[in-house]
Every structure is written in C-alpha cells, then in structure tokens.
Amino acid sequence: MRPSRRDILRAGISVGLGAALDGLSPLPGLGLAFAEGNAAGPLLVVLHLRGGADGLHLLSPADDPDFVAARQSELRVATTGADAGHRIDHSPDERIDFRLHPQANALFDLYREGHLALIPAAGLAAAIRSHFVAIDMIEHGVADAAALARSDSGWLARYLRGQTKATSALTVAAAGAPSGEYLGWGKALSVPDLGGGFGVPGVPPMAQLLGKVYADAQGAVGAAGRDALAAIKLVDEHLPRDDQGKPIAYQPAQKGAYDLAGDFARPLKVVAQLAKLDVGLSVATVDFGGWDTHENQPGRFRVLVERLSVGLSAFWNDLAPRHDRLTIVVQTEFGRRFRSNRSAGTDHGRGSLMMVLGGKVQGGVCYGSWPGLKAKDLDEGVDLAVATDYRQVVSEVLAAHRGGPVAKDVFPGYAGQARLGLFRDDRLSHG
Amino acid sequence: MAQRWDAAMVAAALGRAGFGGSPDEVTRVASIGWEDWVEEQLRPTDGVDSDCQRRLRQLKLRIKYNAAEKWSGVDEMRPLKTLDQPIESIWPLITKRAEMDGAERRRPRDEVIAATILRACYSRWGLREALVGFWHDHFNVDAYGSEQVAVALPSYDRDVIRAHALGNFRGFLEAVATSAAMLYYLSNHSSRAGAANENYARELFELHTLGRDAYFNDRYDRWRDVPGALRGAPEGYIDQDVYEAARALTGWTVEDGTNIDAQRKLPETGRFVYVESWHDGYQKRVLAREFDAFQPAMADGRKVLDLVAEHPARFLCTKLCRRFIGGKVGHDTLAAAIETWTRNRARPDQIARVMRVILTSKDFAQGAGAKLRRPLNLAAAFVRGVGLDVAPTEGLANTLAGAGQRLFGWPTPMGLPDDPRMFIGTNAMRQRWALLLGLAENWWGTGVFDATHAMGAPSPHLAVERFLTGLLGRADPTLTASILSGLGMPESVSVGLQGAPDTQKKLARIAAACGMTPAFQAA
C-alpha cells in the first residue's frame with residue numbers, strides 16, 4: 001500500500017547482524033558468521049527521527065511563562081482540558097510542569113514503569129541548523145566541521161570494528177541503503193520488508209547465474225553483488241515457510257499491536273522478526289521520517305507522536321522475552337525553534353529530546369540539566385540550548401551494550417560530560 | 001578535433017550523458033563522433049522525436065478505484081491527459097476533492113512518472129532527459145507527500161524543469177520559486193510577515209544555490225565576520241541570512257482559495273500570486289547587502305534570487321561534473337566549467353554551454369565505466385540496448401522504487417542522492433536484478449519481449465554475444481562463457497525453434513542475464 005503522507009514516507013531501517021556466540025557457521029563469500037540456535041545476544045536499536053523532531057512539543061515545559069508566551073497553544077502540551085498532556089515525575093526542573101504529548105500514552109506508561117529514560121535539551125554541540133550537515137555529523141559521531149571533513153566512517157562502523165568478539169555484521173534497509181552510521185562497515189544488509197520472502201529474483205537458475213558472474217567481479221559492484229547473494233541466502237533460509245514453500249507473514253507476539261503505528265511499523269517488524277530468527281542480530285538502525293514540521297504542526301505532530309508511541313511500545317512488547325538484553329536509543333538531528341512561525345509550524349532549532357528504552361535502563365527519570373527558557377538562556381536568544389551532548393547518551397548506551405568502556409575512536413575528540421547514569425550498571429546480560 | 005571512439009566507449013558515454021543507446025545509435029555516434037552528438041543534443045526539438053512522441057500519445061495507464069456515494073467505480077486503461085494541461089485546468093482536482101476518488105488526484109503524478117520512464121527509454125534527446133533528471137533531483141519536490149504537489153507536477157516538470165534544463169540558471173531559479181509544487185513542498189505558500197516560514201529560504205541557500213559548504217554556522221549573526229562580506233561579496237551565508245531571505249519571500253504564494261481578509265479570497269487556480277498584505281516590507285540585510293524598506297511588489301524576493309544566483313558556480317558545476325563524468329573530476333575540467341558558468345550568467349543557454357564543456361572534457365572520456373547506473377538508467381539502457389517495447393506500468397515504477405529510485409517521491413529536499421552506495425545495498429542489488437528480469441519476462445505487464453523476430457533461434461552463445469554487444473558495445477569472451485555456464489546452457493545447440501514460445505522465453509532470460517552482470521551496472 002502506498003503511504004499517503006509525507007510524514008511517514010521515509011521509514012527505513014538498517015539492521016546489523018553480528019554474532020558473539022559459540023556454534024558459528026561461516027557463510028561463504030561474506031566472511032560472515034552467524035549463530036545457530038538461541039543466539040539472543042544484546043540487541044541495540046538506533047532510531048532516528050528524521051527532519052528534526054520538536055522536543056519542546058513532545059515533552060513541553062507546559063506552564064513555563066516564556067514558553068507560553070512564545071508559542072501558540074496548539075504547539076504546546078496543555079496542562080488542563082480534554083487534551084491535557086501527561087504530567088511526569090522526576091522532571092529536570094521540579095518548578096515546571098513538564099508534560100508528555102497527549103498522544104504519547106504508551107511512552108508515558110513505559111516511563112512510569114521505569115523502562116524509559118528521557119533526556120531533554122539533548123543534541124549536537126555545534127550550532128547547526130541544517131538537516132544534512134547535522135545528520136552527517138551525528139552519523140559520523142563528530143560535532144564540528146573540521147572533524148566531519150576528516151571523518152570517513154560512521155560511529156557505528158567504528159564501534160562494530162572494535163567488537164573483537166563479533167565476527168561480522170550485515171545491514172537491512174527499507175529506504176534502500178544502510179544509514180551513514182554504518183559507513184565504513186561493509187557487511188551491511190538492507191531489508192525493507194520480509195513479507196514476500198527475500199530470495200534472488202528468478203530462483204534458482206538466476207541465483208546460480210549471479211553466483212557465477214559476480215564471483216570474480218572487481219570493484220564495489222562485484223563486492224556488493226557477492227555480499228547481497230550471501231545475505232539473501234542467510235535471511236531467506238531462515239524465514240519460516242508454509243507447505244508450499246511460501247514465506248509465512250510475520251506474526252508479532254500480540255496480534256494487531258503495530259496497527260496504529262502506520263508505516264513506522266514496517267521497519268520495526270522487520271527488526272523484531274530478524275531478532276527472533278536467531279541469526280545473531282546485534283545492532284539495528286531504524287529511520288522514522290516526517291518530523292520537519294515547518295507548517296501545520298499540530299495535526300501532523302499528533303499523528304507522528306501517536307505512531308512513535310504505539311510503534312515503540314508494540315516493538316517493546318513484541319520482544320518481551322529479551323528485555324534485559326534490549327536497548328533502543330531515540331535521536332533526531334535538532335530540535336525546533338522556540339517561537340512558532342505563522343504557518344502554525346516551527347523552524348529549525350537546537351536542543352531536542354532524546355530517549356532511551358531498555359530493560360537495564362534506569363527509567364522513569366529525566367537526565368541532564370535543563371538550560372531554561374529565559375532569553376539569556378536560549379541559544380543565540382532563539383532556541384532551547386543543548387545541555388547534553390548526544391555522544392554522552394550514546395556512549396553510555398554502547399558501554400552497556402558492550403559491557404565495558406567504549407573505545408575512544410568511536411567518538412573521536414569527545415572528552416565526555418558528567419556521566420548521566422542511564423543504566424543500572426554498564427553491563428547488559430550477554431546471552 | 002573529432003574524437004573517434006569504439007562502440008564500447010560510445011555505449012558507456014551514452015549511458016552517462018543520457019540513458020544509453022540502441023546498437024544503431026551506438027554505431028551512428030561512433031561514426032559521426034562524440035562532439036557532433038553533443039552538439040546535436042544541446043539543441044533538442046520535440047518535432048523530430050517522433051517515435052517517443054508517438055509512444056506518449058499511445059500509452060495507456062491503468063486507473064482503478066471503487067465506487068462511492070459521489071462517484072462510480074473506474075477500472076480502465078486511460079491515455080495520458082494531464083501532461084499538456086495548464087495548472088488551472090487540473091487544479092480542480094484539489095478544489096473539488098470531495099467529488100472524486102483520491103486516485104484522480106494522484107493521476108497527474110502517475111502520468112508524469114510514466115512519461116518520464118517512457119522518455120528515458122525512447123527519447124532521442126537522451127542528454128535532455130538526463131539533465132531533467134538531474135534538475136528534478138536538485139530542485140526536489142515530493143509528489144507522494146502532498147496532493148497539491150502531485151497535481152502541480154505536470155506543470156513543474158514541463159514549465160519549470162524541462163523549460164530550463166539547458167537554459168539560464170537565474171531564470172530557472174525564479175521559475176522554481178514561483179511554482180506551486182515548490183511553494184507547497186517547502187511551505188513558502190503559507191509564509192507570512194510577522195514570523196516567516198524559513199523552510200524554502202534555508203534550502204534555497206543550502207541545496208539550490210550556495211551549498212552546505214558555504215554555511216558559516218558558527219557566525220550565526222555576525223555577518224561582518226563572513227569572509228568578503230565587508231566588500232559586499234560574502235563567501236557564504238549565516239542563519240540570519242536565512243531568516244532575512246524568508247522575510248523577503250513572504251507573500252509569494254499560490255492561488256489556492258485562501259482568505260486574504262474578511263472581504264477578499266484568492267481564486268483557486270494553482271497559479272503563482274504575490275500577496276502584498278502578507279509581505280514583510282521592512283528593511284532587510286541578505287548576504288551583506290542592505291534592502292530598503294517597502295520596495296515594489298516582489299522586488300525583495302527577486303533581489304534575493306539575484307544575489308544567490310551570483311554564487312553557485314562552484315557548487316553546481318561540481319555537482320554536474322560528478323553526475324555526468326562519473327570518474328575523477330580534474331581541476332582543469334571543473335575550472336573550465338565554472339568559468340563557462342560565470343561568463344555566461346546572462347545568456348539564455350548558460351547551462352547548455354557548461355554541459356558542452358563537461359561532456360567534451362578529457363575527464364569525461366576517461367570516466368568510462370566509472371558511473372554506477374541509478375535504477376531508471378539501468379532499466380532504460382537495458383530497454384535501449386536489447387530493443388524492448390515497453391509501456392510503463394505501476395509495477396515497473398514500484399520496482400524502480402524498490403531499487404532505490406521512487407520517481408518524484410524522495411521525501412527530503414536534498415533529492416535522491418548521487419551516491420552509489422545508495423544503490424548497491426543488499427536489497428537494492430536484489431531489486432536491480434529483478435528490474436531487468438521483470439522487464440525481459442513481462443512481470444508487470446509492460447510488454448512481451450520477443451527477440452526471435454530480430455534473431456530467430458540462435459545458439460545461446462550467439463544470443464549472449466548479441467545482447468552483450470547491444471548493452472556494452474562488445475562481448476567479452478570470458479563474460480560470455482561465464483553467463484553460459486551460469487545459465488547451464490550448452491554453447492552450440494540452438495535455444496529452440498523460431499516462433500516457439502519456449503524460444504522466446506529462453507532468449508528473454510538470456511537478455512536479462514546479460515543485463516544483470518556486474519559490467520552493465522555502471523557506464
């Protein structure tokens with residue numbers, strides 16, 4: 001079915017497959033190894049809200065007088081009335097009534113239950129109001145133009161390379177290609193949808209042909225063809241099939257749980273399915289587009305938040321048996337302008353909201369400091385400042401995922417901020 | 001100084017400068033010389049593109065929807081009707097939305113998609129088609145994200161992109177800025193004095209003209225600190241330039257029925273209109289130039305376009321060189337392109353002159369085989385190379401999308417990237433293979449491919465050689481052997497009897513196999 005709204009269009013995913021267990025079977029051509037049997041190691045999902053999500057509308061300082069003065073009511077979360085938001089405890093400033101968007105019901109529950117941590121005023125240390133530069137910096141794990149110019153790889157690629165135990169990884173993508181975070185990590189598999197299986201077109205004769213003509217081919221295309229054939233084989237072989245050999249559509253743990261998540265459901269289901277196929281999935285990246293709300297934000301944002309909230313909670317419940325080994329980090333390239341524009345929208349800003357969901361997360365708490373919204377506190381007098389560097393959040397997530405300190409080259413030049421303490425201990429159970 | 005190239009060289013060149021060529025075209029170009037082909041292509045006229053025009057007239061595209069209270073159901077093969085229509089003739093699809101199914105509103109977009117595929121496969125003006133594709137990426141709009149953009153797409157494609165693809169950049173920029181498609185896509189239609197909408201203004205600087213490397217983000221509001229600013233020629237822009245340009249462009253909007261005040265309402269035509277009372281008339285400063293308060297209608301916005309159009313020589317020439325050369329872009333080629341761009345700023349054929357420099361450069365000749373084909377190029381070059389008769393369908397368009405190229409459906413304003421990594425991921429490779437096999441085997445109702453008319457019932461060996469020569473300009477013996485062995489076909493035995501359905505199917509599969517090889521993935 002064709003998506004009908006811009007805000008759900010770019011739902012892409014990338015999934016890294018890695019294995020850290022015994023019983024590895026090597027896959028010819030790729031140098032890939034994957035685990036047989038119950039290979040459920042730690043799983044990290046990096047979710048990017050593309051377009052610059054308005055953190056101030058997702059978690060509003062709802063009764064802050066400067067905020068109320070700067071924005072029309074439809075671009076703030078209300079404290080009273082039928083559309084009032086969810087008042088949260090352990091906010092960054094107890095003098096202010098912080099409220100989650102009214103459509104974020106499931107996120108509010110996950111927060112209250114202690115699984116979800118919120119990091120307001122998080123983002124990129126450099127003042128970048130360009131989508132494409134900000135995304136590049138975040139994917140490369142840097143925070144200034146000079147470092148970006150020097151960088152030739154994504155932070156996830158450097159992290160995976162440092163994982164001595166992980167033999168290899170693949171990537172899976174709905175939008176066509178692995179995200180820039182994997183740049184420099186060749187073993188990437190992109191999968192948009194597993195509904196129709198994942199075979200070579202025209203199997204089996206064409207698979208044989210392709211194996212032959214790509215076997216010795218030089219260059220990037222030759223390597224891409226060989227990697228694709230190996231990855232297709234790996235995934236397709238593991239897909240459950242009916243008597244006629246047709247792939248069986250994925251059945252989430254709870255029927256219909258993803259239904260209200262729109263197109264955001266598709267990549268989440270692919271990740272959940274691959275996680276359950278026990279092919280050694282260890283890292284996944286998921287994109288959720290449409291957050292660039294320059295106009296008509298109230299209605300669009302409601303839909304986006306509902307999909308985000310429903311989708312994340314469906315995914316969380318779908319993978320319930322492995323909660324203690326699951327971490328999801330939610331990021332965006334920047335927040336949006338403190339003052340709304342006259343198109344009932346908001347333009348590009350600075351600080352936004354990051355979220356971390358996981359079984360070992362010390363949730364139910366907001367982390368990091370709150371810079372405030374007085375004119376003197378705003379970045380350049382116009383935007384919520386960035387108090388927490390996104391690399392601080394991701395560093396703590398990686399330390400927990402890896403079970404030890406993160407190598408310095410993952411975020412080159414990053415000295416680190418005060419530890420937030422997002423996890424109960426920096427070590428997830430490994431298998 | 002005419003360059004004489006062999007068929008393989010010409011086939012690769014046609015693949016980069018256009019969408020490939022038929023074996024006859026390759027022979028012709030090898031004979032007249034590359035420079036003559038380029039000269040021919042820089043002056044395209046529709047009148048002599050009769051095969052493509054005929055196919056456009058004859059093409060029927062399915063439309064299907066169910067009956068509802070206000071309309072009856074439709075399931076028909078309908079000719080393309082919106083491509084020649086002025087925007088006001090099809091804007092009623094928006095204003096009378098309650099009276100028809102949504103498929104009718106998407107129809108203008110789907111017709112442009114079908115026409116784009118058809119032209120890629122059959123137009124003799126391959127360079128124009130390639131440039132049209134380049135500019136659609138550069139001035140990207142997403143016709144899947146908004147109904148207004150879908151309805152405005154025929155006019156955007158025809159009056160904005162095609163009309164200026166080989167023309168003058170400053171004129172191009174204003175055509176884009178005043179198009180309903182862009183005004184809706186980047187929200188400028190709703191921008192008002194007071195708190196302007198910055199969406200279009202930011203991408204005007206970052207994506208359309210100066211480029212992201214010219215963004216001095218760390219200087220935010222200190223315009224005097226931008227190099228060159230005090231001489232009135234800043235090397236880049238700052239956030240405050242974006243804010244000010246947004247103010248300058250307030251009031252540039254679309255006749256879409258919006259109320260202006262209690263008494264006045266805009267007509268509903270989809271055409272551009274300037275609304276004075278929505279414009280922020282006070283003084284501004286953009287790119288270190290002062291704008292006086294209360295200038296005549298549209299003067300502020302036009303001055304912004306004048307200023308940004310002064311800049312983009314390096315950014316745009318780099319982008320054009322990367323797209324068309326494929327391989328290494330040397331300093332001399334880039335410098336010559338920039339010099340040509342700059343010297344011809346006022347000329348109506350500015351872009352054509354730059355393309356002449358790029359396509360006749362040493363780097364272009366040396367870039368053969370270095371450019372990964374994007375999915376549309378892959379499909380069209382296959383169609384041309386093996387001689388398929390294709391009528392585009394939704395299934396074909398969806399497979400192009402699966403391979404990474406959803407035509408007119410890239411959601412972010414950066415446009416579909418030129419980066420080859422976008423198109424060789426696991427799934428992208430899988431879909432590239434499916435694209436060629438599906439075309440050859442008629443998976444999506446695009447037409448039966450019957451090569452027996454042209455070649456009878458040859459031996460598999462001969463068939464592979466013929467198809468490889470059509471696609472690549474030559475048949476490498478190692479590759480031929482590898483394909484035959486991969487297909488498990490004995491070398492010398494005939495593929496069957498001429499006219500037998502099995503023969504036709506085998507030949508189609510052999511053609512697809514030749515297209516699926518690594519060698520054909522790049523040009």
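1. Axes here are lines fitted to C-alpha atoms, for helices over the stretch in contact, and angles run from 0 to 180 degrees between N-to-C directions. With that in hand, take helix α12 (residues 199–208) and helix α13 (residues 239–248), both of chain B: their axes come within 8 Å and cross at roughly 125 degrees. α12(B) is therefore oblique to α13(B). Angles under 35 degrees count as roughly parallel, over 145 as roughly antiparallel, 65 to 115 as roughly perpendicular, and the rest as oblique.

2. A word on the source. This is a predicted model, in which local features need pLDDT of at least 70, side-chain atom pairs count only at pLDDT 80 or more, and totals for chains, interfaces and linings use all residues. Residues are numbered from 1 along each chain as its sequence is written, while chains are lettered from A and ligands numbered from 1 in the order in which they are written.

3. Back to the α12(B) and α13(B) pair. The crossing is right-handed. A crossing is left-handed if the near helix is turned anticlockwise from the far one by less than a right angle, and right-handed if clockwise. From α12(B), B:Ala201, B:Arg202, B:Leu204 and B:Phe205 meet B:Asp241, B:Val242, B:Ala245 and B:Ala246 of α13(B). Contact means C-beta atoms, placed from the backbone, within 7 Å. By class, this contact has six nonpolar, no polar and two charged residues. Ala, Val, Leu, Ile, Met, Phe, Trp, Tyr, Cys and Pro count as nonpolar; Asp, Glu, Lys and Arg as charged; the others, Gly among them, as polar.

4. Now a second pair in chain B. The axes of α9 (residues 147–164) and α10 (residues 169–177) of chain B come within 10 Å and cross at roughly 165 degrees. The two helices are therefore roughly antiparallel to each other. α9(B) passes α10(B) in a left-handed crossing. B:Asp159, B:Val160, B:Ala163 and B:His164 of α9(B) meet B:Gly171, B:Phe172, B:Ala175 and B:Val176 of α10(B). Five of these residues are nonpolar, two polar and one charged.

5. Chain A has 11 helices and 12 strands. Helices (H or I, at least four residues) and strands (E, at least two) are DSSP runs, numbered from the N terminus. Of its 431 residues, 62% are buried, that is, with 20 or more other C-beta atoms within 10 Å of their own.

6. Last, the interface. 55 residues of chain A contact 53 residues of chain B. On the chain A side, α4 (131–140), α7 (205–215) and α8 (219–238) each supply at least two residues. The largest share, nine residues, comes from α8(A). That side has 29 nonpolar, 15 polar and 11 charged residues.

Notes: Two residues are in contact if their C-beta atoms, placed from the backbone, lie within 7 Å. A residue is buried if 20 or more other C-beta atoms lie within 10 Å of its own, exposed if 12 or fewer, and partly exposed in between; C-beta atoms are placed from the backbone.
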